[in-house]
Every structure is written in C-alpha cells, then in structure tokens.
Amino acid sequence: MNPYEKPDYYSKKAMEEGYYARSVYKLMEIQDKFNLIKEGQKLLDLGSAPGSWLQYISKIIGDSGLAVGIDFKEVKAQYNNVKIIKGNFLKDHKKAELVELAPYDGILSDMAPDTKGDKLVDCYASGDLVRDALMFSYNFLKKGGYFIAKIFQGGDEKEIMDEIKLAFKTAKWFKPKSCRKKSVEIFMIGMDFTGKPDIKDATDIIENAEETGEMPW
Ligand SMILES: C[S@@+](CC[C@H](N)C(=O)[O-])C[C@H]1O[C@@H](n2cnc3c(N)ncnc32)[C@H](O)[C@@H]1O
C-alpha cells in the first residue's frame, strides 16, 4: 500500500473543511508567513488539480480578482473568479492560452512530475518543471509580482534558487509543516520581481564558485 494514500491529520482536516486536497494547508502556511495573495489579484496556478489551492485563492482574491489554473487532470474548483485550462503547461499552445490572460500578479506552481521511483530522476524532473514555470514568469509576471513553486530537494534546486535571487528582490526557502514527514518537497518563494535576469550572471556565479571552490550556498 502506498503510505501516501493513508489519510493523515491534514487529509482528514481537508475532508472536514471541504477542501479537495491536503495541499491547501501548504499554501495556507505560505500565505500566513508571507502574505502575498491579496484581493483583486490575477494569479496563475500551475498544476491545479484537484483544486484546493484554487478554492483557497478564490476566497482571498474575491470578485475583482481572477485565478487561472492549468492541469491535464480534472480540476473540481469551479468559481466565477476561476478560469480552468485543461492541458499540459509544457506545451506551447497551452502557454499561448495563458499568455492571453497575462500579466499576472503572482505565479504559483504545485506541479509535480510523474515519479519514476528513482530519487535523482524525480528531483531533476521536478526542477525542470520549476525552471519552465520560472521562464514563463520572466515574461508574464508583473514587475513587483511573486513566484511560488514546489520543488523536490536532491536535484538542481540550489542553482534554480540562485536564478530566482537574480530576478526577485527577495528569495526564500519555505518548508511547510503540513508537508508529509518523508517528503523531499520544499517551496521556493520569489518576491518583488525585478525582471528577467541576465542568465550570464548565474553562469558567472557557478563558474566563479568552481574556480574558488567556494559554492554560493
Ligand atoms: C500536487 S498536485 C496539485 C494539487 C493542487 N495544488 C491542489 O491544491 O489541488 C500536482 C498536479 O500537477 C499537475 N501537473 C504536473 N505536471 C503538469 C504539467 N506539465 N501541466 C499541467 N499540470 C501538471 C498534475 O497533473 C497534478 O494534478
């Protein structure tokens, strides 16, 4: 039996409180700590199914806001201020639909790869999803906007964080208490977007670190 299927404290709480997934408590903790989601904002939620983040976001942004969600699985959260796009975020024609609604005040990703059981492969696949979300954000996030993304620790998360640090005034790691005990997931938060970084800067950091033997993390 997959231990992830065993209902724990947060799964039961989600059922009792009418949320579609326990994931909502992770976003709640992020919101409690950083207070980024505000009334009237336009947000993009990548990997939305079944829709607990959208349930929570919909309440905060209110009627003047809009949350756009994308997933290839069915999203149950249906509200007037929520627009669902069905499909794969990695496909250009799906991105084009999201671009039509841009720019966004915040881009959030809870996307997770289809795990293969090989930790290294899974961690790098998770990193690839974050990189793609970050690239999209460079072009379609408003200046001053924020980026929240889940990543599996054990791949290239530190390099990705270095890039986030170049594009946002503030960058933080955050591990919600509601993450499952054994989970390798952690969240990367970029606040106050300043613009697409000169990627050469990131390469310089790595090259310099290799020369000096002093890694930047
Ligand atoms: C942990 S679940 C998200 C839970 C969601 N935040 C909620 O609160 O209900 C991760 C989701 O990411 C989706 N996903 C992964 N890769 C994706 C991609 N390339 N495009 C769209 N959705 C993707 C999966 O289908 C899955 O539903």
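By class, the shell around the ligand is made up of 13 nonpolar, six polar and three charged residues, where Ala, Val, Leu, Ile, Met, Phe, Trp, Tyr, Cys and Pro count as nonpolar, Asp, Glu, Lys and Arg as charged, and the others, Gly among them, as polar. The model is predicted, so that local features need pLDDT of at least 70 and side-chain atom pairs count only at pLDDT 80 or more, while totals for chains, interfaces and linings use all residues. Residues are numbered from 1 along each chain as its sequence is written.

Of the 22 residues around the ligand, Gly47, Ala49, Ser52, Phe89 and Asp110 come nearest; a residue is near a molecule or strand if its C-beta atom, placed from the backbone, lies within 6 Å of it. Helix 3 (52-61) and strand 2 each supply at least two residues of this shell, helices (H or I, at least four residues) and strands (E, at least two) being DSSP runs numbered from the N terminus.

Helix 3 is mostly covered, with eight of its 10 residues buried, a residue being buried if 20 or more other C-beta atoms lie within 10 Å of its own, exposed if 12 or fewer, and partly exposed in between, with C-beta atoms placed from the backbone. Among these buried residues are Ser52, Trp53 and Tyr56. Just after helix 3, glycine 62 takes a positive phi of about 70°.

The strands form an open sheet of seven in the order 3-2-1-4-5-7-6, with mixed pairing. Strand 3 (82-86) and strand 6 (168-174) stand at the edges, each with a single partner strand, so one side of each is left without a neighbour in the sheet.

| Strands | Sense | Bridges |
|---|---|---|
| strand 1 (residues 42-46) and strand 2 (residues 66-71) | parallel | five bridges |
| strand 4 (residues 104-109) and strand 5 | parallel | five bridges |
| strand 5 and strand 7 (residues 185-193) | antiparallel | six bridges |

Within these pairings, lysine 42 has leucine 66 in strand 2 as its bridge partner, glycine 106 stands opposite tyrosine 146 in strand 5, and isoleucine 151 is partnered by isoleucine 186 in strand 7. Because nine of the 12 residues of strand 5 (residues 141-152) are buried, strand 5 is largely enclosed by the rest of the structure. Together with strand 4 and helix 5 (residues 119-140), strand 5 makes a right-handed β-α-β unit, right-handed meaning that, with the strands pointing away from the viewer, the path from the first strand over the helix to the second runs clockwise.

Definitions and conventions: Two strands pair if DSSP finds at least two bridges between them.
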